[in-house]
Amino acid sequence: MEVDEFDDFAIPEEDLAKMDLPNPVATVVKDVPEKKPAPRLELSDGTFLDHLRIYYYSLFPFKLFQRWLRYDGVQKNYFLFRELSFTLASDAYLRFQSFKDEEELKQEIWRLCPVKIDIGAVYNSKPKDRKSVKPAAFQPQERELVFDIDMTDYDEIRTCCSGASICLKCWDFMTISIKVLDSILREDFGFKHLLWVFSGRRGVHCWVCDESARKLPAEARRAIVSFIEVVKGGEQQSRKVNLPNHLHVSLLRSLRIVDAYFNKSILEKQAPLDDRSRWSKILQLIPDEGIRNTLDARWAKDGGWSSRDRWGDLETEIAEATSKKASKRGGLHNVARDIKFQYTYPRLDDHVTTGLNHLLKAPFCIHPKTGNVCVPIDPADCENFNPLTVPKLDDLVRQIDEFNAANPDSVGVPDYAKTSLKPHVERFEKFVNALSEEQREKLRAQRTREDRMTNAQ
Ligand SMILES: [Zn+2]
């Protein structure tokens, strides 16, 4: 898999040892503001970093960000013991940063202006003091269960774009993946607090924030990944899905989702059977040379067929062959179903999910190459999410300026509410409020239990 240097990463220990942590940046970031309340910044026609600084002063939702990661003080030091890491404009990585509260975090981000913020695990002591404690006293304890789906893993099956490029046609792969994975996590595992986030360029992240998810040990995370994974095998392996005849209830539900999208999103938009170079990729998944040759010859002759026509022909041909008893072997009668899975089912970067201390880019970062904000996505409405029109850094800065010019008397309007970031911050707020509400419920129930026990004594 191609790795985007601005997406998730884990730095090898030997590289970390070479880094002059914790203070390598004073010489890197020039012109850093002193630790004091945010000054009013004047807009300039400036650079990415100028605008990024304005974004951190005026728009980044620090309060919600800290409320989220504090989880209503579910445990003392839950925020303080959390690793955050910063990538600076110089490419320096600062891992194992930690902060006591929103104010300290804000001051440091204002000072450093990181081009990327990553979130790691909650440790059993302060990440920034890790060198002063014994190794056993610095181990990752908890973290959200996270998933990373990247469009580059779809390059072998998408026909419209490749590499870092995306368009609305191939974004359907992400839409289907969100629908399938969201439904598995909620219905098969019972998780409720799922934060889906656009990675800023060509993928999506999912943060499962339920307490039971945060406490999962690494083995349980591996077990969840192997339960979910259906598309398996590297570049050399063409048939990557080989499911049993009778599907587990979870896969039957996924198949219903896949079926709802396959015709439009795959056959029409990706047109994977429109010419021989494309259809040969699908034909090689059929484990019967006779059928492959028959279809190839017929499709080469009937040049006017669409991918939908040819898919219908493929299904008919396979159904006819499998109605003859002798052809039922070799998984032939499930091949059309398995191809559908191969062309739609989520392709996970499993290291991100299984590694408890793996870093993942924080929501509301700005992607340094696209300028896009990594905004939350509503899974129930993800088919209407458009990655090409998400708020961009430069636009947001301009929108604040325009609002202020058009409303010179407005006071008390927070800057995010002057921009297209507003609905995205509100979505995040709703998510954080739901977590808070559940935590309060738990505390109320606990108090009631304790009261009962006291009264019974
Ligand atoms: Zn595309």
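In the hairpin of β6 and β7, four residues sit between the strands, and Gly200 takes a positive phi near 100°. (Strands here are DSSP runs of E, at least two residues; helices are runs of H or I, at least four; both are numbered from the N terminus.) This is a predicted model, so to speak: local features need pLDDT of at least 70, side-chain atom pairs count only at pLDDT 80 or more, and totals for chains, interfaces and linings use all residues. Residue numbers start from 1 along each chain as its sequence is written.

Leu194 has Val208 of β7 as its bridge partner, while Phe198 stands opposite Val204. On to β9: two bridges tie this strand to β6, again antiparallel, and Val197 partners Pro376 there.

Put together, the open sheet has four strands in the order β5-β7-β6-β9, with antiparallel pairing. β5 (145-150) and β9 (376-377) are at the edges with a single partner strand each, so one side of each has no neighbour in the sheet. Helix α5 (residues 168-188) lies across β5, β6, β7 and β9, at about 15° to β7 (axes are lines fitted to C-alpha atoms, for helices over the stretch in contact, with angles from 0 to 180 degrees between N-to-C directions; contact means C-beta atoms, placed from the backbone, within 7 Å).

As for cover, five of the five β6 residues are buried, meaning 20 or more other C-beta atoms within 10 Å of a residue's own, also placed from the backbone (exposed is 12 or fewer, partly exposed in between). Leu194, Trp196 and Phe198 point one way, Leu195 and Val197 the other.

Conventions:
Pairing = 2+ DSSP bridges. Contact = placed C-beta atoms within 7 Å.
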